[in-house]
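Have the sequence and structure open as you read.

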Amino acid sequence: MVCGVWSIDHGAWSTASSPQCAVHGSSCTVHSAWSTACGACQTMGRLRAAAAGIGRRPQPGTGPAKRSSGRCRETTAPQRGASCPAPAQPSAFHLFVDTAEIEAFRTSLLAWYDRCKRDLPWRRLAESEPDVDRRAYSVWVSEVMLQQTQVATVMDYYTRWMQKWPTLQALADASLEEVNALWAGLGYYSRGKRLQEGARKVVSELAGRMPRTAEELQKLLPGVGRYTAGAIASISYGQATGVVDGNVTRVLCRLRCLGADTSSPPVTEHLWGLAHTLVDRARPGDFNQALMELGATVCSPKAPLCAECPVRPHCWAQRRVEKELEVASRRLLGKAPSSCPPEPDIEECAAGASGSCPLCPPALEPWDGSLRVANFPRKAAKKQPRAERTATCVLERSGRRGEPEFLIVQRPSSGLLAGLWEFPSLLVAPELKEKQQREALAGHVRAQTGTAVAAGRLRHVGEVVHVFSHIHQTYVVYSLLLDGPRAAAPVKREEEPELPASRWVTKADFQAAAVSTAMKKVLQACERQSREEKMPRTVSTSAWARPVSGTTAQHVSALPCVGRAGGVSSFPHAQGTTCLLGPPGHLLFCPWGLRP
Ligand code: SF4
Ligand code: ZN
């Protein structure tokens, strides 16, 4: 036999002459076409290239691999024949190669999941929905919403989404405006748009039938990557394929002491290989959710609950902590280092010790005892978001019934916040002075909406900061109350199709429209300023520092102040102004001018 590709999933060799899974042949559901579809099989090939001969394949008689023997057997390290070249493999330290251990891991994790899993709406739906396309669609929606977003935030959005569009057909029939409106506040708005594009594609090109494998899902649906495809396929169809998200990455890095940059290709591929190896063949969807749940609720980034962890016996990071503690305590007690290694014997990565393993922590980043298991994974240096300044104009007019109305315009259909509505806004250079900023903004409003705005009348409200994933955006907010009961009603003109759509909306319409969280903050800043301007300011300077006997307690209780008096203190009113109180019984200054 000529050695081909090492299958991390089956711990066996695929042969060049028989390009299927070496264990199950062409009937293998995981490796039915290893040359194109099996991430696990390919992983080793890529790792081999990345390691370039510096990794170490398990040697007979050492580490976990020594428990098995024979050729091309499950969980058995390969026996190299004379004609087999020796591909570099990662150290067994970074792998799961023991069938019994893998089985025990799956059993412990699934038992814990059955006991402790959170009750989440998408899980209920996936478990109860008999129609496979509807089930896949419901999982797809949840997985897309959960990308970059907390579970607690997603729950309400998910419930409203599935009530409004319970099927692919319903979503395909919706307008992008409706999708954006429901998505408003969830962030990363292109996700909603791509979901709808995907639904339309399934309805119009695939006869309403969701692709049935992870490979097809990734290939055919816009915005569906390796993770989402694996999650849909495993949860909805029971395909035995692993998934790797941020939580799984953290858990796997700790389980097998992967300390290199998790975004590097060797680590990424290795993680996918481990995920494919571990996934339970009978309950792949539950297993994948369990691994993610473990990362979210137990193996958390900063304060993992190792004492409660169901897979603690399989965790090398935890073993490392125990070993370090033992060494430290022996040193403290003046004892010689123990000659007995911890059980079971974990042979560490030889290449890592020499600083040449692509999976071990870099040699320059030694173990930090204070971090304990959180030594894994190492974080890649975070790219700083770029800083931008945008001048924004909140134009207000009096509506038909006297209620305030605001002018909003629609953003372009591509790029950041595509298709969302906003107050007329203009990106400005950081060095632009206020006068030039006003003029530029007034010109922009005029050009975009046809509404004449005098730069000098724009009122400076303040600055609002909003951090997008890659942009630190500062909105310099101006406002203007237009004269007359129904001032300027600009609409998109037919002869000027390049102008964005614009409309006047009430506050309620604004809140329900497809506007970003940043724009809601801008409106809040304007409202805050208006409230402060309306506050009574009747206190005379003579009231300053004039003791007013017996006022404090009543004053505090009569006004929306917080705190108690004692020495000279300041108490913020709910309205944002500040009340100064002197020693007990002495009101120094109240901007409301109120007295007991
Ligand atoms: Fe994570 Fe601790 Fe469990 Fe290891 S033992 S997987 S570090 S929670
Ligand atoms: Zn290593």
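This is a predicted model: local features need pLDDT of at least 70, side-chain atom pairs count only at pLDDT 80 or more; totals for chains, interfaces and linings use all residues.

## Around the ligand

The residues around ligand 1 are Arg 254, Val 298, Cys 299, Cys 306, Cys 309, Arg 312, Cys 315 and Val 373. Sorted by class, that shell comes out as six nonpolar and two charged residues, with no polar ones. The space that ligand 1 takes up is the largest cavity.

Next, click on Gln 473, which is part of strand S8 (residues 471–481). Is Gln 473 buried or exposed? Gln 473 counts as buried because its relative accessible area is 4%, and the cut-off for buried is under 20%.

Beyond its neighbours within four places in sequence, Gln 473 is in contact with Glu 388, Arg 389, Thr 390, Val 464, Val 465, His 466 and Phe 468. With one of these, Thr 390, the side chain of Gln 473 makes a polar contact of 2.9 Å. Ala 387 is 86 residues away along the chain, yet its C-alpha atom and that of Gln 473 are 6.0 Å apart.

Most residues other than glycine have a negative phi, and most peptide bonds are trans. Now for some exceptions. Phe 376 and Pro 377 are joined by a cis peptide bond, with omega about -10°. Pro 377 sits in the loop between helix H15 (350–353) and strand S3 (386–398).

Arg 372 is in the loop between H15 and S3 too, and its phi is positive, near 50°. Arg 372 is partly exposed, at 42% relative accessible area. Leu 417, in the loop between strand S4 (404–410) and strand S5 (421–422), also has a positive phi near 50°, but Leu 417 is buried, at 9% relative accessibility.

Technical notes: Residues are numbered from 1 along each chain as its sequence is written. Chains are lettered from A and ligands numbered from 1 in the order in which they are written. Side-chain values use heavy atoms; hydrogens and water are left out. A residue is near a molecule or strand if one of its heavy atoms lies within 4 Å of it. On a 1 Å grid over the protein atoms alone, a cavity is a set of points where a 1.4 Å probe fits but cannot get out, and a pocket is an open set with protein on both sides within 12 Å along at least five of seven lines; lining residues have an atom within 4 Å of a point. A molecule sits in a cavity or pocket if more than half of its atoms lie within 2 Å of its grid points. Ala, Val, Leu, Ile, Met, Phe, Trp, Tyr, Cys and Pro count as nonpolar, Asp, Glu, Lys and Arg as charged, and the others, Gly among them, as polar. Helices (H or I, at least four residues) and strands (E, at least two) are DSSP runs, numbered from the N terminus. Buried means under 20% relative accessible area, exposed over 50%, partly exposed in between (1.4 Å probe, protein chains only). Contact means heavy atoms within 4.5 Å. A polar contact is a pair of N or O atoms within 3.5 Å; within protein, one must be able to donate a hydrogen and the other to accept it, and residues adjacent in sequence count only if both atoms are side-chain atoms.
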